[in-house]
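Please read this report alongside the sequence and the 3D structure.

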Amino acid sequence: MPYEAFKDNEYIEKLVKELKDNGTNVIVGSLDKLINWGRSNSLWPLTFATSCCGIEFVSLGAARFDMARFGWEVARASPRQADFIMVAGTIVNRMAPVLRRLYDQLAEPKYVIACGSCAISGGPFRKSYHVAKGIEDIVPVDVYVPGCPPRPEAMIYGIMQLSRKIKVEKFFGGVNRQEKQREFLESHPISEVED
Amino acid sequence: MANFQEKIAKLFPEATFEGEETVMISIPDVKWHDLALALRDDEDCLMDYLVTIVGMDWTDQLGCIYYLMSSKYNTMIGVKVTTTDRERPMLHSVADVWKVACLFEREVYDFFGIIFIGNPDMRRLFLSIDWKGYPLRKDYAEQNEVSVENERQSDMTDTYIELPDGKVEKKEVAIFEPGEFVVNIGPQHPATHGVLRFRTAVDGEEIKKIDVYMGYIHRGIEKLCEDLTYPQCLPFMDRMDYFSAHNYHHGLCIAIEKAAGIQISRRAEVIRVMMDELSRIASHCLFIGTYCMDLGATTMLFYTLRVREQILDIMEKTCGARMTFNYDCIGGVMQDLAPDFQKDVKALLEILPKNIKEYNKIFTGNVIAKNRMEGVGYLSREDAISYAVTGPSGRASNWACDMRKLRPYSIYPELDFEEVTATEGDSMARFKVRMREMEESAKILAQLVDNIPEGEYCVKVPKVLKLPVGRWFTVVEGCRGAFGVYIESDGSTKPYRLKLAPPCLPLAGVVDHITRGSKIADLITIGGSLDYIVPDMDR
């Protein structure tokens, strides 16, 4: 997909500028590039679906939309093997701790895509007594994909945005996104689980 | 019908009768259990199928409306039981009369706080133990925050027993026996088809008991609808069982149109039925794909999704969406058919038999598939009725429960199609029934595709729709079974109570019974063959 075809390039440009301002060592920078090239082209999603959006995610895996073209087809059932969660569907009160635990179990570096209006804001169920108003209070979100449910094309676009984001990240040294994640986790703590 | 009314009136002089189409019996709580037994066992009634329990809050009293059907006589009645106590409301349980009642009563307890005396498992169903208040009561105002802390869980459950002197005693019972080895399956598990959780007690590889734990996608649709006007309630139907979006829309539209006295055009009826049948094919296609994938045949998913995508294309051209169509509206359908609708449907009908033949060739006769499915998860006819397992799963146990035949609606009485049943009652039968239902749906489509009458696709309805005071109950056939809609109106533009009785809740309720004694690997086969949709059971 050509660069101009993406809609929100300002965000990526800002990210790149921030990185450039700090300056990068040639060797580290080249290594970063190589690693990020690999990471961004083999994103493994977690098989996670709570409702309607999950079915569109199934269509995404089938022959017509075929996410294997981009290297995302290795959907893992265990969070320990996955790179990102595609939160496809509504998150309700009872599910919120489970989602948080899944996120905590993902191996670093990890990413979250909020897929569909329910995951973004609660969507049509926003006024309900048992629905979380968006997942951003539960886990830090990288990409939002609007729609109810989003078309598979929109989902492809969303994951492509995530790969672009990964491509400009610094893997060695200060990783800008990971800083934000630490801030988030500090401001949204969970107490020790007794087991 | 009148015959049994007289009989009931003689046996229970306290009972009062109202209503014409569906008789509503009101009975004091103390006599309810006896009446329930009489209704089930009396030869003139044989009400062996409990369709749903509608919990109600009329502000001055709390109560339940039970809808019952007879599998033999095909009659339907309602029974109303009420209590005026709001602090500690109690009714007698009928969990020993109809097995599915145990689950339905837990749902009512969860939403209204009505305690059922004699129910063996009086826990909350969808909400956590620490939930404050009962959300579907009219005076519910509590705030329950979203928390990321793990919710408190208990291995104990309550049961309320009535002592001979009339006092009610609370007793704590353990869900699992001491020393039982309990394995947790779900909510994040690829084979539970959504976020459903099974707490499974196993002995070696054998399943001893399953405690189904739901509510991971309970969105409170019924309460949301109470604050919305009737047309605004419709979009939620897409988001319950997202495979039967058209069928569910159809159900709610019929209920509202019946109440408002709206007569829709024949063109709209034909379009609605065609869309219902198209979504049935699409739904069964996805069922076959995911089910085979659960059993290890991943390739089938790609074959079946090919047909599904073709159907979604047809719908997209007309409705403008791939999944949440919001197409049926009060008075007809949202917009007219796309110009090449007929051509597309004909193309589909042409390739469908070839595809079904191909599925059978690849999978059904396969020796591994046979070994894994035949004789696994047997459900008898009596249990299917008692557990209210409707739809293809019930028909595989030889219970003719197709609502298109039993309680004909729309133009189904004019159509020539067969009700597919099987006698085996195992996973293979449930799979084959769905295969054959696709052929029957294609038969219906073939009858209609060249006979779409001209006319308006949507009749004029008042901009502000008010329903008269009253209550209506409609049952339609979704892709997974009987979908009931109960509307109670107080004469305003909003429903006083909208109860949606989904087919998938009883399907999850039967898992414990059906899996007892089988191997843990069969749980995937059995669960897959029941084909429940979790957002549908949780609502």
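The sections below describe the arrangement of the two chains.

## Basis of the model

This is a predicted model, in which local features need pLDDT of at least 70 and side-chain atom pairs count only at pLDDT 80 or more, while totals for chains, interfaces and linings use all residues. Residues are numbered from 1 along each chain as its sequence is written, and chains are lettered from A and ligands numbered from 1 in the order in which they are written.

## Domains of chain B

Chain B is assigned domain 1 (2-142 + 160-173) and domain 2 (221-538); such bounds come from an automatic or database domain assignment. The centres of domain 1 and domain 2 of chain B, taken over C-alpha atoms, are 28 Å apart.

Between these domains, 19 residues of domain 1 of chain B are in contact with 20 residues of domain 2 of chain B, contact being C-beta atoms, placed from the backbone, within 7 Å. On the domain 1 side, strand 3 (residues 49-57) of chain B gives the most, with 6 residues. Helices (H or I, at least four residues) and strands (E, at least two) are DSSP runs, numbered from the N terminus. By class, this side of domain 1 of chain B has 12 nonpolar, 5 polar and 2 charged residues. Here Ala, Val, Leu, Ile, Met, Phe, Trp, Tyr, Cys and Pro count as nonpolar, Asp, Glu, Lys and Arg as charged, and the others, Gly among them, as polar.

## Contact between the chains

The contact between the chains involves 39 residues from chain A and 35 residues from chain B. On the chain A side, helix 3 (52-61) and helix 4 (96-105) of chain A each supply at least two residues; helix 4 of chain A gives the most, with 5 residues. The chain A side divides into 23 nonpolar, 10 polar and 6 charged residues.

## Nonpolar core

The largest nonpolar core has 214 residues, and Val87(A), Leu99(A), Ile113(A) and Leu68(B) have the most contacts inside it. Such a core is a set of buried Ala, Val, Leu, Ile, Met, Phe, Trp, Tyr and Cys residues joined through C-beta atoms within 7 Å. Helix 8 (residues 266-294) of chain B gives the most to this core, with 15 residues. Each of domain 1 and domain 2 of chain B contributes at least three residues to this core.

Leaving aside neighbours within four places in sequence, the contacts of Ile113(A) include Phe84(A), Met86(A), Val87(A) and Leu162(A).

## Sheets of chain B

An open sheet of 5 strands in chain B has the order 1-2-5-4-3, with mixed pairing; strands pair if DSSP finds at least two bridges between them. Strand 1 (16-18) and strand 3 of chain B each have a single partner strand, so one side of each is left without a neighbour in the sheet. Strand 2 (residues 23-26) and strand 5 (residues 76-83) of chain B pair in the parallel sense over 4 bridges, with Val23(B) opposite Ile77(B).

Another open sheet of chain B has 3 strands in the order 10-11-12, and the pairing is antiparallel. In chain B, 5 bridges join strand 10 to strand 11 (residues 197-203), and Val182(B) has Ala201(B) as its bridge partner.

## A buried glutamate

Where does Glu440(B) lie? Glu440(B) is in helix 15 (residues 427-449) of chain B. Glu440(B) counts as buried because 20 C-beta neighbours lie inside 10 Å; the classes are buried at 20 or more other C-beta atoms within 10 Å, exposed at 12 or fewer, and partly exposed in between, with C-beta atoms placed from the backbone. Not counting residues up to four places away in sequence, Glu440(B) touches Phe417(B), Glu418(B) and Val420(B).

How values were computed:
Two residues are in contact if their C-beta atoms, placed from the backbone, lie within 7 Å.
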